[in-house]
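Student: Could you show me how to read helices, sheets and salt bridges in a model?
Tutor: Gladly, let us look together.

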Amino acid sequence: IMHDRGFHTITLGCKLNQFDGAAIEGELIRRGFFAEPDRARAGVVVINTCTVTHKADAEARRLVRSVRRQNPECRLLVTGCYAELDAAAVEAIEGVDRVFGNRDKPRLGSILDEMGLIGPAATGDRGCDGSTDLPRALHFGDRTRAFLKIQEGCRLSCSYCIIPTVRGPSRSVATAEIREALAGLVRSGYREVVLTGVNSGDYGLDLDPPTNLTRLLGRLLAECGPTRIRLNSLEPLTVSDEIIALMADEPRLAPHLQVPLQSGSETILRRMRRNYRLDTYLDRLARVRTAVPHAGLGADVIVGFPGETESLFRETYEFVEASPLN
């Protein structure tokens with residue numbers, strides 16, 4: 001039996017998209033829907049897509065078709081980065097009822113109204129992506145870990161990356177908004193909050209007055225009680241000595257960093273238009289390992305980049321093998 005007011009969301013991709021998915025769920029609940037764990041019985045299904053690779057695009061298309069086969073009567077909405085990048089391709093998939101990109105996520109209430117799914121009294125949208133406003137409600141189900149967006153977009157121009165196109169330029173959420181949202185998550189009993197963003201290390205540079213990620217962390221740690229805070233991916237040049245020192249001194253800041261490497265070949269790094277060199281990357285990780293010996297260190301690596309030969313791949317392999325990542 002299909003539940004008309006039941007919703008089911010499927011989120012693909014990064015932690016920032018996970019936050020957006022929680023904001024979508026929170027807004028649906030706020031407007032009278034309820035979470036339906038079985039997508040074949042949900043009256044509304046929302047797919048929040050990723051577009052970081054062609055494989056991610058193909059996975060989104062496959063998922064749309066699968067949901068429609070399993071639930072031919074549902075209202076099927078598709079959003080996220082793939083919908084932002086190529087709405088026409090998504091609209092062309094048979095069975096999709098509505099497509100809206102990241103920039104329209106704040107209009108979710110109005111979109112539901114336009115589709116006849118809520119009454120006209122449900123107005124005043126303030127959504128999960130807008131400029132940098134945080135949503136009114138977040139829903140992470142029964143999980144003990146929550147995500148909190150502190151930053152959106154990216155100012156870098158890496159040759160392989162579509163994210164600045166689908167997420168826009170780098171911009172920070174106001175510190176007061178982040179503190180308020182964190183307080184709500186702490187009151188809700190979440191044991192860990194992951195700070196998310198496209199380029200979180202850029203936090204605060206665009207605010208007036210400017211601030212930075214270390215100062216934000218200090219404020220949040222002073223107010224989060226026993227709740228642990230975890231950082232998501234930080235670009236190499238933003239792994240500052242101050243952040244490393246804070247991680248060494250503060251047990252509530254998870255001893256974990258994901259620092260994108262992308263390539264261990266200087267030749268490939270230049271072709272990727274990355275803004276650091278390997279000696280800088282190695283220095284940052286060595287400083288973390290010295291200050292926080294038990295830290296969990298991770299990296300993103302792209303192999304098979306256009307023009308990468310076997311010998312250039314070997315440079316990456318040997319760099320990773322000899323680095324603090326190993």
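**Reading a sheet and its helices**

Tutor: Helix α2 lies across β1, β3 and β4, running at about 175° to β3; axes are lines fitted to C-alpha atoms, for helices over the stretch in contact (heavy atoms within 4.5 Å), with angles from 0 to 180 degrees between N-to-C directions. Helices (H or I, at least four residues) and strands (E, at least two) are DSSP runs, numbered from the N terminus. This is a predicted model: local features need pLDDT of at least 70, side-chain atom pairs count only at pLDDT 80 or more, and totals for chains, interfaces and linings use all residues. Residues are numbered from 1 along each chain as its sequence is written, and side-chain values use heavy atoms, leaving out hydrogens and water.

Student: What is the order of the strands in the open sheet?

Tutor: Strands of a sheet pair through backbone hydrogen bonds, either parallel or antiparallel. Here the order is β2-β1-β3-β4-β5, with parallel pairing; two strands pair if DSSP finds at least two bridges between them. β2 (34–35) and β5 (98–99) are the edge strands, each pairing on one side only.

Student: Which residue forms a salt bridge with Asp20?

Tutor: A salt bridge is a side-chain nitrogen of Lys or Arg within 4 Å of a carboxyl oxygen of Asp or Glu. Asp20 has Arg167 as its partner, with the closest N and O atoms 2.9 Å apart. Asp20 is in helix α1 and Arg167 in helix α6 (residues 163–167), 147 residues apart.

Student: Is Asp20 buried or exposed?

Tutor: Buried means under 20% relative accessible area, exposed over 50%, partly exposed in between (1.4 Å probe, protein chains only). Asp20 counts as buried because its relative accessibility is 0%.
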